[in-house]
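Thanks for coming. I will go through a pocket, a helix and some ring contacts. Please look at the screen.

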Amino acid sequence: MTIPRQLPNAITIVRILCAPVFVWLLLADGGADGALRWWAGVLFIVAIATDGIDGYLARRYEIVTDLGKLLDPIADKVLTGCAFVVLSIIGELPVWVVVLVLVREVGITVHRLVVATDHVVAAAWMGKLKTVAQAVALSLALLPLWTVVGEWIHVVDAFVMTVAVLLTVASGIDYVVTAVRARRVRSA
């Protein structure tokens, strides 16, 4: 079976385009626990799940491209960044958490774009683990599960969100250390 060479990148672009729809769904009713919140949560989960799909297709059919290596982490950052910001806007996530996460995400994205003409920096394993942790934490925060299972789910979400934020910081440090080492090797 063959697939169009552009399919993984098209999936990545659709993930980026889902972000404003997801934001609108969550903000339309102020983050209330109704149908729009459920739809926002489901759209986020479906969109973030495409991260694994596009990567799998690109590797499986050997159609990995430099554009895909560049766009894929950007798509993840757009989607998760929007989720962090909107959760802060509706008062469910402290601003300092959002600032910490966005500084890491924007800093690394800018670095990737700056060095893209020289070489493409693909996501490292710790960055991928961070993305999974953020996806799980944000999914728990977005879906109004407390209306179904009770308020205890907030404790679970707080724990998972803490792990995601710690992994965000750790993976940012790992990225910087790896980039500095790579620069030294290229300069030698």
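Which helix gives the most to the lining of the second largest pocket? Helix 7 does, with six residues; helices here are DSSP runs of H or I of at least four residues, numbered from the N terminus. Before going on: this is a predicted model, where local features need pLDDT of at least 70, side-chain atom pairs count only at pLDDT 80 or more, and totals for chains, interfaces and linings use all residues. Residues are numbered from 1 along each chain as its sequence is written, and side-chain values use heavy atoms, with hydrogens and water left out.

Back to the pocket. A pocket is an open set of points on a 1 Å grid over the protein atoms alone, where a 1.4 Å probe fits, with protein on both sides within 12 Å along at least five of seven lines; lining residues have an atom within 4 Å of a point. The second largest pocket has 14 lining residues, and Glu92, Leu93, Asp157, Ala158 and Met161 lie nearest its centre. Two or more lining residues come from each of helix 4 (95-115) and helix 7 (153-187).

Last, the rings. There is one aromatic pair (ring centres within 6.5 Å). Phe22 is in helix 1 and Phe44 in helix 2, 22 residues apart. Phe22 is buried at 0% relative accessibility, and Phe44 is buried with a relative accessible area of 0%.

How values were computed. Phe/Tyr/Trp six-rings, centres within 6.5 Å; stacked < 30°, edge-to-face > 60°. Buried < 20%, exposed > 50% of the residue type's maximum accessible area, 1.4 Å probe, protein only.
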